[in-house]
Amino acid sequence: MNLDRESQQIFQDSARDWVLNSAPISHFRHQRDSQPYVSGRELWQEQVELGWPGIMVPEELGGSGLGMQELSLVIEQMGRSLTASPLLSTGLIAVSALSLCEQTDFSRSRLTSIASGELTVALATEEGNHHAPHCVSATARQHEGQWLLNGRKIRVADANSADAFLVSAKIEASDQLGVFLLPAEGVSVTPLAIFDSREHGNISFDAIAVPEQALLVARDSSTSLLDQILDRARIGLAVEMLGSANAAFEMTLDYLKIREQFGQLIGSFQALQHRAAKMYIELELARSVVDAALLAVDEGSTEIPLLASQAKALVGDTLNHITNETIQLHGGIGMTDEHDAGLFIKRARVTEYLYGSSAFHRDRYARLRGF
Amino acid sequence: MATELERFRDEVREWLELNCPASMRTPMVDSEIPWGGRNAKFPNPDTKLWLDRMIEKGWTVPTWPEQYGGAGLSIEQAQVLEQEMEKINARTPLFSMGIFMLGPVLLELGTEEQKQRFLPDIARGKRRWCQGYSEPGAGSDLASLSTKAELRGDHYLINGSKIWNSEADQSDWIFCLVRTDFDAPKHKGISFLLFDLDSPGVDRQPIKLISGSSVFCQTFFDDVKVPAENLVGEENAGWSIAKRLLQYERQNVGKHLNKSFDIKLWDLAKKYSSSADGQIEPDLRSRIARQAIQDGALGLLIERLEREADNPNAGSMSSVMKVAMADINLQRGELAIEAMGAAGLGWQGDEFPEEALGEVRVWLRGKANSIEGGTSEVNLNIIAKRILGLPDPQH
């Protein structure tokens with residue numbers, strides 16, 4: 001179910017208020033400077049109280065039964081403010097996975113736990129340096145009515161504090177890839193120091209047993225569950241990236257209106273005006289694709305894969321361009337650690353990489369169009 | 001509400017199925033484009049039949065009020081009509097600068113008498129219009145135009161010259177910017193006049209372009225008499241009308257060009273590949289994919305802006321569309337030529353496929369996309385100033 005435009009606006013306003021009050025960029029900066037990495041868990045309880053983890057969870061399981069369009073209103077605000085939060089991994093990706101699969105007692109109880117804030121989940125699909133979700137070495141073996149999982153996943157977002165992992169594994173004695181929900185107990189996590197200062201870790205699991213229902217089976221078997229989950233992850237991440245791109249752009253625009261050189265505001269120079277105007281055009285194009293992708297998810301359209309790749313590729317290029325221009329148009333101050341330009345470009349490059357770079361998605365888009 | 005719209009969709013689909021001739025469900029060919037006007041020609045009789053049926057429904061201008069030849073449809077209904085026409089590849093029944101440029105301005109700013117006099121003829125394709133904006137000395141600096149109009153009792157006397165008048169030699173009437181006050185600041189002495197190109201003293205000269213065709217004219221006015229009632233808006237207040245019309249022009253140029261190509265680049269690249277399985281260089285493939293992603297995004301932006309008619313920047317957003325369209329379309333032209341390799345180098349002759357020769361002309365004609373209707377540079381200025389609020393340059 002989706003809200004009407006007016007209710008969406010109210011929703012967006014409350015998300016913006018929370019971000020401005022509880023999670024401004026200065027908060028992220030303070031945490032970065034005082035801890036090895038910024039944990040998304042620190043502000044999680046407040047988000048749970050606002051009901052955000054359960055936005056997409058059905059009402060009968062304790063959620064709000066809304067769509068990805070509504071959740072994206074919150075995620076975009078977090079992107080604007082560089083808020084570290086497991087909301088994308090848990091409230092969007094894991095809820096999508098647990099909703100797209102055949103419903104069992106297992107899936108329903110996990111959705112309930114997510115909505116109540118007791119369970120956070122991280123998506124663990126990568127094994128190599130570049131996004132290649134179908135090249136999987138991790139294995140799953142059936143043993144006495146359980147699955148035994150073995151393998152290693154790298155650079156897992158929100159890994160360090162996650163209560164459970166969604167892992168892809170090759171099912172032994174078949175050529176099928178399965179998606180399993182694996183509790184964090186027994187999983188070994190090695191935190192990584194990545195330049196966005198977020199929680200990322202490598203994980204390994206050695207013969208961990210999970211119940212039979214921990215294998216999530218797609219309800220719609222026309223495409224693999226893993227691809228269905230990843231496409232939603234890509235669109236959700238594109239929303240966060242669009243928020244960041246807009247915030248970095250607005251910060252740059254503000255600077256053009258106050259910085260004086262040669263006795264005038266630098267924003268009066270046509271060379272810089274045109275660069276700003278081009279960024280604005282890119283943002284408008286990117287938003288149009290992201291909106292269409294969100295609508296496609298909520299309507300269950302067959303265009304989801306195409307729009308997911310289109311959105312991730314276009315938003316990735318846009319964010320890359322804008323974060324570079326943010327530094328250049330700020331000049332020397334943009335190079336300093338005390339300015340936020342650096343925080344934006346560092347987070348940007350990590351999100352550009354996550355769930356497939358622009359290059360990956362251009363290639364995939366072309367293939368999906370039969371080329 | 002949604003069900004009402006779905007009912008309308010069913011009606012539209014049924015009507016189109018019954019009334020759109022089979023040959024009007026094929027891609028448009030240049031020689032059959034229905035421009036209407038006094039000298040309208042219909043080499044394919046189905047074109048006329050299709051046009052007449054659409055006029056009857058008011059669907060050449062679906063959102064215009066019925067008394068002016070439209071059907072009074074809501075924007076949502078008009079989008080449904082458009083979508084259903086697209087589904088069966090129905091051709092646009094009438095191409096017209098009257099429909100997408102002059103008409104909307106008259107609806108907003110014309111007198112009741114002017115609306116009744118001009119709009120129904122536009123809706124029915126009875127009169128073909130062309131634009132008289134640029135002058136040899138007034139391109140990007142349009143407001144410096146100097147074609148002179150002097151009020152002499154019940155008529156104006158026009159002297160001067162206009163350039164880049166699309167198909168002026170095929171058109172019936174012109175909507176023309178003229179200077180009525182040479183002493184006022186340049187934006188405050190401009191008026192907006194409508195007149196017949198068959199009037200004595202009008203001379204139209206086609207201009208040959210790099211594409212080899214002559215889609216534009218230079219037009220000369222020597223003591224042309226125009227009735228005073230053909231003035232739109234107040235005398236010397238024509239600049240705001242001119243700008244409003246440009247917004248409609250930019251919106252529609254973006255929209256129109258965006259729909260005319262679709263996936264042909266992929267097809268061209270496969271077809272003219274040198275390998276049996278249609279493979280091309282990975283770099284070219286990647287650039288085609290990038291262009292296709294942007295092209296798709298432009299289509300989605302256009303749809304979004306139609307939905308968001310209450311956007312406070314709606315007028316200036318036409319500049320966003322125009323720049324994006326020009327950029328994406330220029331890329332397309334370049335990629336089409338590159339994808340065809342040697343076949344994309346032909347100018348004329350049987351040695352080259354007709355399609356490749358066509359693409360060459362489209363590529364060259366397309367170079368004007370970032371110039372006509374306001375250069376990309378002028379539109380970037382508008383975005384910087386009107387939307388982003390950046391300060392004016394100091395001198």
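Modeller: A:Leu149 touches A:Ala138, A:Ala140, A:Val167, A:Ala169, A:Phe180, A:Leu182, A:Phe205, A:Ile208 and A:Val210, leaving aside residues up to four places away in sequence. Two residues are in contact here if their C-beta atoms, placed from the backbone, lie within 7 Å. The structure is a predicted model, in which local features need pLDDT of at least 70, side-chain atom pairs count only at pLDDT 80 or more, and totals for chains, interfaces and linings use all residues. Residues are numbered from 1 along each chain as its sequence is written, and chains are lettered from A and ligands numbered from 1 in the order in which they are written.

A:Leu149 belongs to strand S3 (residues 146-157) of chain A; helices (H or I, at least four residues) and strands (E, at least two) are DSSP runs, numbered from the N terminus. A:Leu149 is buried because 25 other C-beta atoms lie within 10 Å. By the criterion used, a residue is buried if 20 or more other C-beta atoms lie within 10 Å of its own, exposed if 12 or fewer, and partly exposed in between, with C-beta atoms placed from the backbone. As a reference to another part of the chain, A:Gln31 is 118 residues from A:Leu149 in sequence and 35 Å from it in space, C-alpha to C-alpha.

The domains of chain A come next. The assignment gives domain 1 (5-119), domain 2 (122-216) and domain 3 (225-368), with bounds from an automatic or database domain assignment. Between the C-alpha centres of domain 2 of chain A and domain 3 of chain A the distance is 29 Å. Their contact involves eleven residues of domain 2 of chain A and 13 residues of domain 3 of chain A. On the domain 2 side, these residues divide into eight nonpolar, two polar and one charged; Ala, Val, Leu, Ile, Met, Phe, Trp, Tyr, Cys and Pro count as nonpolar, Asp, Glu, Lys and Arg as charged, and the others, Gly among them, as polar.

The UniProt record, an unreviewed entry, places "domain: Acyl-CoA dehydrogenase/oxidase N-terminal" at residues 6-97 of chain A. Its positions are given in the numbering used here, feature names are shortened, and annotations may be inferred rather than shown by experiment. Residues 6-97 of chain A are 63% helix and 0% strand, and their end C-alpha atoms lie 29 Å apart. The unreviewed UniProt entry also places "domain: Acyl-CoA dehydrogenase/oxidase C-terminal" at residues 228-367 of chain A. That span is 78% helix and 3% strand, with 17 Å between its end C-alpha atoms.

The C-alpha trace of chain A spans about 80 × 45 × 40 Å along its principal axes. Of its 371 residues, 51% count as buried. Among contacts in chain A between residues at least 6 apart in sequence, 73% join residues at least 24 apart.

Chain B has eleven helices and eight strands, and 41% of its 395 residues are buried. A compact globule with 395 residues would have a radius of gyration near 21 Å, and the 22 Å of chain B agrees. Chain B averages a pLDDT of 92, and 96% of the residues score at least 70; pLDDT is the predictor's confidence in each residue, from 0 to 100. Chain B is divided into domain 1 (2-95), domain 2 (129-238) and domain 3 (260-387). The centres of domain 2 of chain B and domain 3 of chain B, taken over C-alpha atoms, are 31 Å apart. Seven residues from domain 2 of chain B and seven residues from domain 3 of chain B form their contact.

Finally, the contact between the chains takes 29 residues from chain B and 30 residues from chain A. Helix H8 (282-307), helix H9 (314-340) and helix H11 (376-387) of chain B are the elements that give two or more residues to the chain B side. H8(B) gives the most to that side, with 13 residues. By class, the chain B side has 20 nonpolar, five polar and four charged residues. The model scores ipTM 0.92 and pTM 0.91.

Terms used:
Rg over C-alpha atoms; globule rule 2.2 N^0.38 Å.
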